[in-house]
Amino acid sequence: MHKNRLLSLLLALFAALLTVICPSAALHAETTETDLGLTARSALLMEASTGTVLYEQNADEELSPASITKIMTLLLIFDALEEGRISLTDLVTTSAYAKSMGGSQVFLEEGEQQTVETMIKCIVIASGNDASVAMAEHLAGSETEFVRQMNERAEELGMSGTHFEDCCGLTESETHRTTARDVAIMSRELITHYPQISDYATIWMENITHVTANGSSEFTLSNTNKLLKMTQSFRVTGLKTGSTSLAKYCFSGTAEQDGIHLIAVVMAAPDYKTRFSEAQSMLNYGFSICSLYEDTDSDREELPALPVERGKSGSVSLAYADSFSYLSTTGEDFSQIERRITLPSSLTAPVEEGAAVGSLEYILDGRTLGRIDIVTTAAVGRAGYPDFLRRFWEAFLGTGLSA
């Protein structure tokens, strides 16, 4: 008994030290101790703007992802759109191989053409394996090359527990694996960089038209994300379901309430309904404890121009490098946050554009929540003899004119 009490005391002391020394670590320790009673084998809840993990359960166990694989497929499609390599109106031709995909499909025919935008709808709404492969071939020439790019993108994002072997998740290979943490990471990348994905992911039903040699016919896309119709306490914004006999039932659900965006990942849930109900439980929990402080340029004081000694220009303008977000789960009073700017009195040429020359620090109750850089908006070269002569002459003329 004495040893147990001593151990409890030491753990409490350690938690208190974490709160003082590393607030973010203390947040992580506090939230992961919560037991939501989930039956899914693996789960994770993440706040999207900061990437803060609010809850996790076996989140690093490598499991079969089924069709939530398509989150990475969608991410590469939107990357290509942003880079101008494709457009929403481009026509995509379905190959015999793409048509041959089984499982969840939208029944594309060989040689059938659909726009990129229609293919996106087929992937995100109806989880079309045929549409996923058709898009992979359109973007990379083959599914094999596209999968290589998927794994490359996953590595860039730090998805260390992930290895893809197809673009749709249909395979039941033991080596086609990911983790709940990695699914949250790629979901966050998709919804924060390409928020327009929600416009497609929230469509409940929509018809597309198949035009083939046999004529035209209507096909109804029906959303596999049933969470869209399960709750009114928050706004569901996406994202993707998946199921196979190996993966069981998986889901990456995204939602928003009062400006807070959450991602709930459920993997290997025991049945169809549980993946949605347990995602809903995580989201309700997250929204109940979260408040988000956000600071953008429109909220901040205007920065002064900074004098530049020995420069071709006498000063350089400044800008804030980033916006700032801070997530609280303890009900802190954000009105007490102090913003503290630190800048030198002047700079000495040469000055590079984008150089960090100061900082904006956010302080609450004597504790630094974070800081962002203040940067130069232009380059200033070192002045030479002609520059000094020009300034002297301009000053002389200015004095003469004023006299």
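Here a colleague asks how some of the labels on this predicted model come about.

Modeller: Some ground rules: this is a predicted model in which local features need pLDDT of at least 70 and side-chain atom pairs count only at pLDDT 80 or more, while totals for chains, interfaces and linings use all residues. Residues are numbered from 1 along each chain as its sequence is written, and side-chain values use heavy atoms, with hydrogens and water left out.

Colleague: What makes up the secondary structure of the chain?
Modeller: The chain has 11 helices and 18 strands. Both are DSSP runs numbered from the N terminus: helices are H or I with at least four residues, strands are E with at least two.

Colleague: How do you know that Phe 324 and Tyr 362 form an aromatic pair, and what makes it stacked?
Modeller: Rings of Phe, Tyr and Trp (its six-membered ring) pair if their centres lie within 6.5 Å; planes under 30 degrees apart count as stacked, over 60 as edge-to-face and the rest as tilted. Phe 324 and Tyr 362 come out at 4.0 Å centre to centre with 5° between the planes, so stacked it is.

Colleague: Why does that pair tie together separate parts?
Modeller: Because Phe 324 belongs to strand S14 (residues 324-328) and Tyr 362 to strand S17 (residues 356-364), parts 38 residues apart in sequence.

Colleague: Why is Phe 324 called buried?
Modeller: Buried means under 20% relative accessible area, exposed over 50%, and partly exposed in between (1.4 Å probe, protein chains only). Phe 324 has 7% relative accessibility, so it counts as buried. Tyr 362 has a relative accessible area of 0%, so it is buried as well.

Colleague: And why is Lys 273 called exposed?
Modeller: Because its relative accessibility is 66%, and the exposed label starts over 50%. Lys 273 is in helix H10 (residues 272-289).

Colleague: Which residues form one aromatic cluster?
Modeller: Tyr 293, Phe 324, Tyr 326, Phe 334 and Tyr 362 do.

Colleague: What makes Arg 300 lie over the face of Tyr 320?
Modeller: The rule asks for NZ of Lys or CZ of Arg within 6 Å of the ring centre and within 35 degrees of the ring normal. Arg 300 is 4.7 Å from the ring centre of Tyr 320 and lies over its face.

Colleague: How much of the chain counts as buried?
Modeller: Of its 403 residues, 47% do.
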